[in-house]
Amino acid sequence: MRKNFFGASVAGLIVVGFSLLLLWHDPLFFWNDDYELSILPVFADVARSWSESHLPLLSPYSWVCNNLAGEFQYGTFSLFINLAVILIWKFPLTFPQQAAALSTAHLFVLAAGAFLLARDRKLSIPLSIFIALIAALNGWIICWGATDWFGALGAFAWLPWAWWGLQRALDPQRSNWRFLWPAPFVYLLVTGGFPYTVLMLVVLIAWMSIKSLVETKNWMPILPMLGGAALGFGMSSPAWLAILDYIQGSARGLHSAGGHWQWIVPWAALPGFILPCWTVNWADFSTRYLPHSATELANGLAAPAALIAGFLWRPRLLIRRMKWELILLVVLLVLCMIPTTGVFRWSFRWLPFFHLVLAICAAEVLRLRPRLATGSTAFLVLILVTIPMSIFSTGGANGAILTWIYFQIAAIWALFELFLPIAKVREWAPPIATFAILLATYICIPPNCGVPKYNFSQELTKPEPLDSQRLYLAVYSPAEYAYRREYRNGPVGQVARPGSTPMWAGLHFINGYSPILPAGVARDFKFFIHGEIDGDMGRYLVQNESGPAGILEELGVDGIIVAREISVEPALSGWELKYENDEGRVFHRKGEPLSRVRSVVWIDSLPEREFVTATISGIQDKRNLVTVDVDIPTGGPSALLTFSRPYFRAYQVQIGNRSLRVDSYRGLFPIVEVPAGSRGHLTLIYRPWWLIVGGAIAIVSCGVFAIGLFNTSRRFKIRR
């Protein structure tokens with residue numbers, strides 16, 4: 001076991017070395033799109049939250065992206081992600097360096113888990129490293145998981161570990177406590193922040209269960225595996241209960257059908273498994289069929305070449321020995337190529353799982369036939385793919401140079417097979433060729449697949465020229481068009497602060513990046529995922545709702561930012577132009593910033609009611625709660641307090657030992673009616689049911705795991 005863990009560390013370090021080579025080639029390699037607009041700013045806020053000794057359930061710096069736990073992709077309940085964020089943010093790193101450190105740490109974990117999975121299948125060390133390289137460095141993980149959608153990498157990094165644990169739980173030769181093996185890895189996978197990977201885990205468990213039932217004709221052996229998986233889901237219950245609760249009524253839950261036909265792997269792109277420069281039309285995020293190189297299909301050539309060579313050698317033997325792995329491989333390929341359903345979007349997200357299974361199948365072939373002519377097959381397959389690529393002009397912009405490099409590596413490999421038939425050379429050739437080919441692929445083909453990059457500078461950690469005491473509404477064009485590097489040469493975002501970038505400086509914004517989009521603010525104000533508000537809605541709010549008693553005042557908005565390209569401004573009778581540059585204009589409501597808690601005598605959602613003005617003092621507006629001292633006159637009507645923060649159903653309020661009811665203004669912000677004569681310390685706290693119920697389930701599950709671990713360690717000591 002110790003030898004395997006040492007080997008896993010070596011495999012992880014090889015992947016770290018690969019990442020460092022990519023960074024040497026391009027220091028901004030891991031710094032793209034969602035990482036810039038969403039992931040890194042939110043993690044800066046997560047690190048700030050822990051430094052304040054607060055659980056990062058909510059963010060006070062965005063209304064749209066307020067519920068960090070409900071967003072799921074930020075790994076709020078993952079111990080590993082939170083520890084990694086806390087540690088990385090202790091160092092004085094630049095934004096691109098923070099992104100690289102976070103991704104590289106998870107690539108290390110992914111490679112190590114894949115190595116252990118391979119070793120548990122009795123594969124040799126070279127073949128185990130071969131699997132680790134493909135699992136961690138395949139095209140989808142590098143082009144999307146490690147450089148854009150961090151949640152995908154944060155969750156998938158633990159899939160090989162979960163598979164390894166499930167595999168051990170199925171082994172009847174192990175102790176009765178073998179169900180413990182998958183639990184921590186299932187927990188880390190689920191809390192990693194990517195629903196698709198949870199679906200992959202369900203498919204994996206179903207496949208392993210069916211395989212065991214068919215082979216043993218007995219359902220008892222799968223019980224420890226299912227029990228361990230259930231224990232892991234129990235340990236992670238706050239995470240998945242949160243997203244199940246949060247997605248109800250959200251914009252994602254209501255409008256998810258449009259993406260079902262986007263980013264499906266087209267059948268015409270399949271040669272990209274051999275040559276990733278293969279360029280055909282894919283359906284993009286707007287369902288436009290545009291030319292796209294198949295970088296997501298990159299796997300280092302050796303794996304498909306080995307599988308093809310194996311089927312040319314003895315197809316019946318392979319099917320007999322590997323039928324279950326081949327069935328899983330085919331199922332995953334089909335899933336990549338058919339539309340999704342429900343809230344799941346973009347079928348190509350199955351690709352990292354496909355790459356992992358492809359690597360395992362190829363390694364099994366190489367174990368059955370160590371002297372297989374894989375290098376020669378790779379050379380011949382390249383010829384077969386290059387001919388139609390030349391005829392149909394599907395090589396893309398970088399096809400010529402990449403194809404030439406692939407041919408060189410395949411030719412050297414084939415020559416070694418023919419003229420230097422040394423066993424060790426043959427054994428290490430697949431991982432070496434895979435490493436070299438993947439490195440060449442990402443150097444020759446831009447790995448960001450056309451997603452935008454932004455020139456965000458470290459100055460975004462400073463609030464100037466904005467005021468950290470005010471709440472801003474920003475009206476700007478979609479960031480992917482207005483602020484990407486192709487259109488803006490210098491640093492951008494210091495005024496508009498697109499996406500969730502205000503979190504870097506601790507600025508309070510209505511805007512924010514949210515894939516889920518909470519039902520209240522996001523739906524009523526027509527916000528889009530990347531944080532921009534609908535243009536017509538933005539103009540309407542600024543022109544018609546920015547005055548006294550307007551909706552912006554009711555929300556507590558006392559700052560408006562209007563991008564230069566948008567011709568609208570609030571009435572200057574109540575606002576003043578505070579700052580202006582070539583990016584936009586900043587308007588402040590005249591007077592002091594609005595209070596976060598206010599007493600109102602009338603509100604249009606309760607037009608028949610009138611309220612008394614309460615005396616308010618000692619406001620403390622914290623991350624997950626608000627405390628305030630209130631004094632309501634006796635003998636008259638009650639008071640109505642409004643809280644300038646987004647509303648969620650889980651808010652509770654108490655004054656002294658007395659509980660009051662929390663309502664909302666049109667689902668936008670909390671309002672609390674306080675009876676006449678009330679006096680004392682009022683607390684509004686975010687206490688969701690899923691945190692209480694899920695926390696209880698998680699504590700019980702962790703207790704079961706701890707008891708099992710204690711018993712296992714005690715037995716191990718007795719045996720020693």
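Reader: What does it take for two strands to pair?

Author: Happy to start there! DSSP has to find bridges between them, and the number needed for two strands to pair is at least two.

Reader: In which order do the five strands of the open sheet lie?

Author: This is a predicted model, in which local features need pLDDT of at least 70, side-chain atom pairs count only at pLDDT 80 or more, and totals for chains, interfaces and linings use all residues. Residues are numbered from 1 along each chain as its sequence is written, and side-chain values use heavy atoms, leaving out hydrogens and water. Strands (E, at least two residues) and helices (H or I, at least four) are DSSP runs numbered from the N terminus. With mixed pairing, the open sheet runs in the order 4-3-5-7-6.

Reader: In which sense do strand 5 and strand 7 pair, parallel or antiparallel?

Author: Strand 5 covers residues 559-563 and strand 7 covers residues 584-589. A563 has G584 in strand 7 as its bridge partner. Over five bridges, the two strands pair in a sense that is antiparallel.

Reader: Is G493 buried or exposed?

Author: G493 sits in the loop between helix 21 (479-482) and helix 22 (502-505). Buried means under 20% relative accessible area, exposed over 50%, and partly exposed in between (1.4 Å probe, protein chains only). The relative accessible area of G493 is 0%, so G493 is buried.

Reader: Which residues does G493 contact, leaving aside neighbours within four places in sequence?

Author: Contact means heavy atoms within 4.5 Å. By that rule, the partners of G493 are L460, P498 and E583.
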